[in-house]
Amino acid sequence: MLIMATLLAGAVALVAVVARGPHLRDHLVLGGFLVAFCAGALAFVAWSMREDGHAEAPMVVSLVGLAAGGLLLLGLGPFVPWALGRSARPLRLPDRLPGGVAAGVAVALTATAVAVTALILDSARESQQRAAYRPEARPGALVVQVTAGADAVLRRELPGVPVVRDHDVPGLRVGEPDSELPRSYIGDRALLGYLTGDPAIPYDESAAVLVTDAATAATVEIRYGGAAVRTVPATTVRPAHPGMYEIFIPAKLLRDLGLRPEPEALVVDPSAHRVTAAEQERLVRALGPGAVHVERGYQERGSRWAVAEAPALVALAGALAAAALTAGTGRPRPASAGRAGALAALATVAGGAAGCVIGLAVAWPWTASNSWDPLPRAPFDTPWALIAALVAGLPVLTATLTVTLTALLPSARRAPADDAGARL
């Protein structure tokens, strides 16, 4: 977004120069060439990242795509005064428009494109993060990091609620050295009951337990400090929640091997107690936000409008500036509102189309992964409803504000544009 926003100033300056200069045809040729070149670059960016799997430098490719999108908007600059000239008679505009009109339309066009691009990329990234999300605990479970006084705080805030302890041994590795390692839990029968959802599950202090519905194993290898420590028997049980892949190691087994598990987290089993939002808030105030986690699944961020608010306001300001230079501040007339809305529509339709091209192309590298074990790229829904609301709403808002401001601001005379519109 920063690259495209930086080029906005360049696009506006170019439009102001072109609008005043005599060589519009030459600028149109150069602008058309730049638009075609950047459109081809965006197509190549999308094509190069079309495959799922490990990608080389996806962020760099994304920046290249955004730079190409910014240059595409720069190439559209000369077409703004050309379009205004073609629309002068239908819109009842003066024959010679101030250079600021074209600049205002260019601001609205570019900012609209930035807003639409941001909406598309935000939707794509949100979908990918949702697909890649891995729960930190069972749904509804409370996990508190062991800190000074954590036990006392839990007893005070959740009196009578049973607490399960998870332990850690720094440097401990369970499983094959080159394989994807499941998350390890170290504790006693209560912790195994939490993982499986069965407090009465058989418990063997000399055997590991794979808690998963996707794999089986008769033994597991425990490594500590890079050296093989021991191969221990293992059993497989179904987890309390589908999709979990964890391994449970009895704390006594590790102590027998000379290791010293230390408490790492305090867990409240959701089968015993579901933590409310009020209880969570009190715990956060007492222990800090980084020490308290309640597993509620992937949490959507706030309104998607947040990423488009700033550029949408810039687009509105540009459209209003262009409208002010043509509508004046005289007595409100329907012609003033119509011209203001038409100028804004010219900018938002062109900017929305450009933003869709840029956003849909850059979404491919934007959601690619450079991990050696990447998740498949998640499908995402392009927020067409929000894009349509932006493209259609800005002209209506511009027309409404133009009439309102024209009525509120006093003026000694009506603008010449309005008089010309009345005669026509």
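## Packing and local contacts in a predicted model

Of the 424 residues of the protein, 45% count as buried, in a model that is predicted. The secondary structure comes to 13 helices and 10 strands, and the protein exposes about 21,100 Å², of which carbon and sulfur atoms supply 61%. Among the contacts with a separation of 6 or more, 82% are between residues 24 or more positions apart.

In soluble globular proteins, nonpolar side chains tend to be buried together. The largest nonpolar core here has 28 residues, and those with the most contacts inside it are Leu42, Leu72, Leu73, Val80, Leu84, Val105 and Val362. Two or more residues each are given to this core by helix H2 (24-48), helix H3 (58-76), helix H4 (79-87), helix H5 (99-132), helix H10 (309-327) and helix H11 (334-366). H5 gives the most to this core, with nine residues. A second, separate core of 17 residues includes Ala141, Val143, Leu191 and Leu195.

Helix H3 can be described in more detail. Its 19 residues should span 27 Å at 1.5 Å a residue, and this agrees with its end C-alpha atoms, which are 27 Å apart. The buried residues of H3 include Pro58, Val61, Leu66, Leu72, Leu73 and Leu74, together with the glycines Gly65, Gly69, Gly70 and Gly75. Leaving aside neighbours within four places in sequence, leucine 72 is in contact with Val35, Cys38, Ala39, Leu42 and Ala354.

Valine 101 lies in helix H5 and is buried, with a relative accessible area of 0%. Beyond its neighbours within four places in sequence, valine 101 is in contact with Leu84, Ala322, Leu325 and Thr326. Valine 101 and glycine 318 are 217 residues apart in sequence, yet they are 8.8 Å apart in space, C-alpha to C-alpha.

### A buried threonine in a loop

Threonine 367 lies in the loop between H11 and helix H12 (384-408), and this residue is buried, because its relative accessible area of 6% falls under the 20% limit. The side chain of threonine 367 reaches the backbone oxygen of tryptophan 364 at 3.4 Å. Not counting residues up to four places away in sequence, threonine 367 touches Ala124, Arg125, Gln128 and Arg377.

### Aromatic pairs

A pair of aromatic rings is described by the distance of the centres and the angle of the planes.

| Pair | Centre to centre | Angle between planes | Arrangement |
|---|---|---|---|
| Phenylalanine 44 and tryptophan 47 | 6.1 Å | 35° | tilted |
| Tyrosine 203 and phenylalanine 248 | 6.2 Å | 55° | tilted |

Phenylalanine 44 and tryptophan 47 both lie in helix H2, three residues apart, which is about one turn of the helix. At 53% relative accessibility, phenylalanine 44 counts as exposed. In the other pair, tyrosine 203 lies in the loop between helix H7 (189-196) and strand S5 (208-212), and phenylalanine 248 lies in strand S8 (residues 245-250), so the pair ties together parts that are 45 residues apart in sequence. Tyrosine 203 counts as partly exposed at 21% relative accessibility, whereas phenylalanine 248 is buried, with a relative accessible area of 0%.

Conventions: Residues are numbered from 1 along each chain as its sequence is written. This is a predicted model: local features need pLDDT of at least 70, side-chain atom pairs count only at pLDDT 80 or more; totals for chains, interfaces and linings use all residues. Side-chain values use heavy atoms; hydrogens and water are left out. A nonpolar core is a set of buried Ala, Val, Leu, Ile, Met, Phe, Trp, Tyr and Cys residues joined through side-chain atoms within 4.5 Å. Buried means under 20% relative accessible area, exposed over 50%, partly exposed in between (1.4 Å probe, protein chains only). Helices (H or I, at least four residues) and strands (E, at least two) are DSSP runs, numbered from the N terminus. Contact means heavy atoms within 4.5 Å. Accessible areas come from the Shrake-Rupley method with a 1.4 Å probe; for residues, only the protein chains shown count as cover. The expected span of a helix is 1.5 Å times one less than its number of residues. A polar contact is a pair of N or O atoms within 3.5 Å; within protein, one must be able to donate a hydrogen and the other to accept it, and residues adjacent in sequence count only if both atoms are side-chain atoms. Rings of Phe, Tyr and Trp (its six-membered ring) pair if their centres lie within 6.5 Å; planes under 30 degrees apart count as stacked, over 60 as edge-to-face and the rest as tilted.
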